[in-house]
Amino acid sequence: MYVNGDMVIVSTNFVLSAYNSKGKNLWSNDDIQLSTMRGLRYHSSFGVRKTSNNYLTADENYVYLASQKKVKKNETGKDNVTIFDIKKGKEINTIELDESELIIDMQLWNDTILLITSNGLKAVKKPA
Amino acid sequence: MKLKLFFFLAITFCLAQTTFAQLNIGNLTHLKIYQSKIYVAGSAGVACLKSPTEVEWQLTLPNADTRLLEVDENGVVFVTYDYDGIDKKGGFWTNRLGDVKSFSNATIGSISSEGKLLWSQPGTVQSRQSIPGIDKNIVAVLRSNTMSISDRATGKEIAVAEVCTINGLIKGMVSQITPNQPLLQGGFIYTCAFNKLKKIDYTGKIVDDIQKFSLTKQFECITYGPVLLKDNLVFGNIGSGSSTSRIFAANEKLNDEWSDDIDKKSG
């Protein structure tokens, strides 16, 4: 969940949605994927977050989400930062990480997406 | 000659772009940005960076599996804990819900804006801990079933509020939850503990709590929040049983402002 001015952006495991402060659903994108650490993991019907860390953030133009590309059943996914248009929730780009590199935390710093990954601190330029 | 100089400068520039600050704080565990500075927690300390390439200060601290932090104009507050293991209860009916996770090395500490350790207190309960909620007066940390309220200046624990009961199956479920960061607003602590939204004063007294907006709007297990959106407290839950994942908004009196089903299919 991330508050961006008058808007709150929320991700479940497979849906990304935005609401205004009066509760109006602005958009939903039901085609998102989990990253290794983001989201809930279930025991029976009981789900818990894996960590306290942040995997969703936004600026005035884009929403940034720790995610993975869809893979076939026997393939292993790779973490990425998926970027969505903040006005419509449409996916516009992905920033792929290295093989086996996990996203542990994510924040925005000036024009940079700042990540803690399993390889340490990483800085990636935001799209213009 | 000019071409050689150009390549030398180009290579130097590229290296400068990719050389990160040398951090000696162990495995990195948490990241915060406050007033354009980067704060990083690690298993062996905390660092403040002016930029990804420039360290302002770093402080070595005793090792911990997990260190989480919050930052304001008065400095950094951090919590730690180690994960020790799981007591598997097993059984067909519990289906891992009763498994109890155990933790140790729970501490809460405070660092000045200049990077000096002000205090560090061992936790009175060994549990997973939330990111601290902070203001100039107190530090509020949600643990598995209690809220710890400490004096910001000294670290002395002022009060402990029991925020949910832990009996039988619930004990295992609560031990597995990642506690939500408390929100400090208007002299109260707002916290989402398991299936309730609670309003607690700084003496630890639970002023109010709710677990549903209506019969069909139970909070179930709240997995995120509250966060402040305008004047409303916004939080979200998991889908369980026949209910879907929902987002809720309550006002400061914990009354229903709005809610919606986010995900029709899953959590």
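This is a predicted model: local features need pLDDT of at least 70, side-chain atom pairs count only at pLDDT 80 or more; totals for chains, interfaces and linings use all residues.

Analyst: Leaving aside residues up to four places away in sequence, B:Val46 touches B:Ile25, B:Tyr39, B:Ala41, B:Leu59, B:Leu61, B:Leu69, B:Val76, B:Phe78 and B:Ile111. B:Val46 belongs to the largest nonpolar core, which has 90 residues, and together with B:Val40 and B:Leu69 it is among the three that touch the most other members. In soluble globular proteins, nonpolar side chains tend to be buried together.

Chain B also meets chain A, in a contact to which chain B gives 44 residues and chain A gives 36 residues. On the side of chain B that touches chain A, at least two residues each come from β1 (28–34), β2 (37–42), α2 (169–176), β17 (222–229), β18 (232–237), β19 (245–250) and β20 (256–263) of chain B, and the largest share, six residues, is supplied by β17(B). Sorted by class, this side of chain B holds 23 nonpolar, 14 polar and seven charged residues.

Along the principal axes, the C-alpha atoms of chain A fill a box of roughly 40 × 40 × 25 Å, and 38% of the 128 residues of chain A count as buried. Among the contacts in chain A with a separation of 6 or more, 35% are between residues 24 or more positions apart.

Technical notes:
Residues are numbered from 1 along each chain as its sequence is written. Chains are lettered from A and ligands numbered from 1 in the order in which they are written. Two residues are in contact if their C-beta atoms, placed from the backbone, lie within 7 Å. Helices (H or I, at least four residues) and strands (E, at least two) are DSSP runs, numbered from the N terminus. Ala, Val, Leu, Ile, Met, Phe, Trp, Tyr, Cys and Pro count as nonpolar, Asp, Glu, Lys and Arg as charged, and the others, Gly among them, as polar. A nonpolar core is a set of buried Ala, Val, Leu, Ile, Met, Phe, Trp, Tyr and Cys residues joined through C-beta atoms within 7 Å. A residue is buried if 20 or more other C-beta atoms lie within 10 Å of its own, exposed if 12 or fewer, and partly exposed in between; C-beta atoms are placed from the backbone.
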